[in-house]
Amino acid sequence: MQSTSTSSVAIAPELAETVHSLATAPTSHEHSATACLNCDTLVLDRFCGRCGQDAHHTHRLTMAHMLHDIPHSVWHVDKGILYSIRTIISRPGSTIRSYLAGQRADHFRPLSLLLVVTGLYAFIASVLHIEMLPPRDPSMPEAVWQAQKSATDLLAKYLSWYYVGLVPVIAAFARLFLRRGGYNYAECLVIAAFITAVCNSLTLLSLPVSYIYSGTAAIQKVGYVVSAISFCYATWAYSSMLAHTGLSLAGRLVRGFFPFVLGILVPSFIAGIVAVALNWNDIKQNIKQQQQTKSAPVPAPAATPAH
């Protein structure tokens, strides 16, 4: 029987040497071998395979290079931020799952994205000085109003950083409700950071509207609408992380609803209870004073002397 195995082909040493020299010869589009100035590794291409530094563009810095580098760096940062936000808004499940699978070159790191968006929101909000409460209702006790105003002002001032601090809590709820997706806690931290960054971006885009209605009776409605949009997006985004599990749409939406909602509401509820407990004596005293004022008899008008 004839053998079907492929036979090896002998190549003359002279021909092999010629082919090798042509294959390894630098072309006009390649870089010559050089040592990386960062780790002394021999680099055959532009970037060092050991530390990642550009081995062929490490010239001495001059003002001309700085003026060229500043807009170049800002442009690439903007591209990374905008690309990450755009893709996570339009297709959060596939984008974040691809990032977790290792396709990370085109995206901002999740924590960096969250910090950049949050810092921008905090800066603009501090400049605008938006009042998130409507005028006080006369029937509300003064102490209750002051406690509510202080808590609201504090929350509005640090709202974006409050969300950043809640990312580990949101990730814990995501680990619980997205366990069908097979994500560990570290991966849930990435998921929560990306989705929270987008939610903060939506809040950032709403700042002009909030500024227009600052301190008016409609400001709470604006806050409710923005919160509803963020909650709806977060529910859809977290549910899309289970698209590969075979769960029904209803099952995914139910599981996607709880991570962000519970991660925000549970700590907020606990913080509200603590705030009321710390100011309970003042609140109780003010309520008692207002009740006494309402129950006090109204003095009769003085009689007009007859002429």
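Me: Start with N200. What does N200 touch, leaving out residues up to four places away in sequence?
Reply: N200 touches L114, V117, T118, S160 and Y163. Keep in mind that this is a predicted model.

Me: Which side chain does N200 join through a polar contact?
Reply: That of T118. The polar contact between the two side chains is 3.0 Å.

Me: Where does N200 sit, and is N200 buried or exposed?
Reply: N200 is in helix α7. N200 is buried, with a relative accessible area of 3%.

Me: OK, I191 next. Which helix holds I191?
Reply: I191 lies in helix α7, which covers residues 185-205.

Me: Buried or exposed?
Reply: Buried. I191 has 0% relative accessibility.

Me: What does I191 touch, again skipping residues up to four places away in sequence?
Reply: I191 touches I96, L100, Y183, Y238 and M241.

Me: And how far is the C-alpha of I191 from that of A174?
Reply: The two C-alpha atoms are separated by 8.4 Å. Along the chain, I191 and A174 are 17 residues apart.

Me: Switching to cysteines. How many disulfides are there in the whole structure?
Reply: Zero, from a search of the whole structure.

Me: What about C51?
Reply: The closest cysteine sulfur to that of C51 is in C36, 3.7 Å away. That is also too far for a bond.

Me: Now backbone. What is phi for D40?
Reply: Near 65°. That is a positive value in a residue other than glycine.

Me: Why flag that?
Reply: Because most residues other than glycine have a negative phi.

Me: Where is D40?
Reply: D40 is in the loop between β1 (34-35) and β2 (42-43). D40 counts as exposed because its relative accessibility is 66%, and the cut-off for exposed is over 50%.

Me: Last one, H129. What is its phi, and where does H129 lie?
Reply: Phi is about 55°, positive although H129 is not a glycine. H129 lies in the loop between α4 (110-128) and α5 (142-157).

Me: Buried or exposed?
Reply: H129 is exposed, with a relative accessible area of 65%.

Methods. Residues are numbered from 1 along each chain as its sequence is written. This is a predicted model: local features need pLDDT of at least 70, side-chain atom pairs count only at pLDDT 80 or more; totals for chains, interfaces and linings use all residues. Side-chain values use heavy atoms; hydrogens and water are left out. Helices (H or I, at least four residues) and strands (E, at least two) are DSSP runs, numbered from the N terminus. Buried means under 20% relative accessible area, exposed over 50%, partly exposed in between (1.4 Å probe, protein chains only). Contact means heavy atoms within 4.5 Å. A disulfide is a pair of cysteine sulfur atoms within 2.5 Å. A polar contact is a pair of N or O atoms within 3.5 Å; within protein, one must be able to donate a hydrogen and the other to accept it, and residues adjacent in sequence count only if both atoms are side-chain atoms.
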